[in-house]
Amino acid sequence: MTPQSMMREKSRYEIIFAGAGGQGLILSAIILGEAAIREGKKVVQTQSYGIATRGGLSEAEVIIDSEEIIFQQVQNPDIILAMTEGAFEKFCGLARTGALIFYDETFLEGREGNNLCGLPFTRSARDLGHGGSANLIALGAIVAGTRVVRMESLAHIVTETFPPGTIEVNMKALRLGENLITSQPFKD
């Protein structure tokens, strides 16, 4: 079963990006939100992080809706990205309620269950030669797997967000995430 077959098309999506400070999760949430805005959707993006930003707990939330967003915090997440053990442990119970959880199996091997998708985001970034691009690989996988926004919208925002000298590697990271999801099915 693939994430696409599990995620029915909806007018509202609630998404959580969670991991350690310095992993680019807040930037990923901003990029996703900008892509949704480009598609004419309403978006709210919030963020929180621990006192020690780099390495401390970092979370970003994105709500994407076709209608006005009144309450601006995620209440029933549809999609969660867990980039660390702590983030996974905090949110793993939500898989039982239907949330799709994408996690970095570079650090969290052997997780099994419905609505869990482990992909080697950090290992793939290192193999790409750009260890800091794990967040973009994960973002590419999430968008390819759920179609919360169109990949073309996401790619356009990535090309506008990063300096010209880094666009090529960042686009490779995005496409690598897209390829990861199409080559590795969801674990049931």
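Which residues in H5 meet which residues in H7? I'll come to that after the overview.

This is a predicted model, where local features need pLDDT of at least 70, side-chain atom pairs count only at pLDDT 80 or more, and totals for chains, interfaces and linings use all residues. Residues are numbered from 1 along each chain as its sequence is written, and side-chain values use heavy atoms, with hydrogens and water left out.

Overview. The protein chain has seven helices and six strands. Helices (H or I, at least four residues) and strands (E, at least two) are DSSP runs, numbered from the N terminus. Along the sequence the pattern reads α-β-α-β-β-β-α-β-β-α-α-α-α. Of the 188 residues in the protein chain, 51% are buried. Buried means under 20% relative accessible area, with a 1.4 Å probe and protein chains only. Take the contacts with a separation of 6 or more: residues 24 or more positions apart account for 61% of them. Contact means heavy atoms within 4.5 Å.

Now the strands. E5, residues 100–104, runs parallel to E6, and four bridges join them. Strands pair if DSSP finds at least two bridges between them. Asp104 has Leu119 in E6 as its bridge partner. E6 spans residues 116–119 and is covered on both faces. Leu116 and Gly118 are buried on one side, Cys117 and Leu119 on the other.

Next, the helices. H5 is residues 134–146, H7 is residues 167–183, and their axes come within 7 Å, crossing at roughly 45 degrees. Axes are lines fitted to C-alpha atoms, for helices over the stretch in contact; angles run from 0 to 180 degrees between N-to-C directions. H5 and H7 are therefore oblique to each other. Oblique is what remains once under 35 degrees counts as roughly parallel, over 145 as roughly antiparallel and 65 to 115 as roughly perpendicular. The crossing of H5 past H7 is right-handed, meaning the near helix is turned clockwise from the far one by less than a right angle.

Back to my opening question. From H5 come Leu136, Ile137, Gly140, Ala141, Ala144 and Gly145; they meet Asn170, Ala173, Leu174, Leu176, Gly177, Glu178, Leu180 and Ile181 in H7. That contact divides into nine nonpolar, four polar and one charged. Ala, Val, Leu, Ile, Met, Phe, Trp, Tyr, Cys and Pro count as nonpolar, Asp, Glu, Lys and Arg as charged, and the others, Gly among them, as polar.

Last, H4, residues 121–128. The axes of H4 and H7 come within 11 Å and cross at roughly 135 degrees. That makes H4 oblique to H7. Phe121, Ser124 and Leu128 of H4 make the contact with Val169, Lys172, Ala173, Leu176 and Leu180 of H7.

Conventions. Buried < 20%, exposed > 50% of the residue type's maximum accessible area, 1.4 Å probe, protein only.
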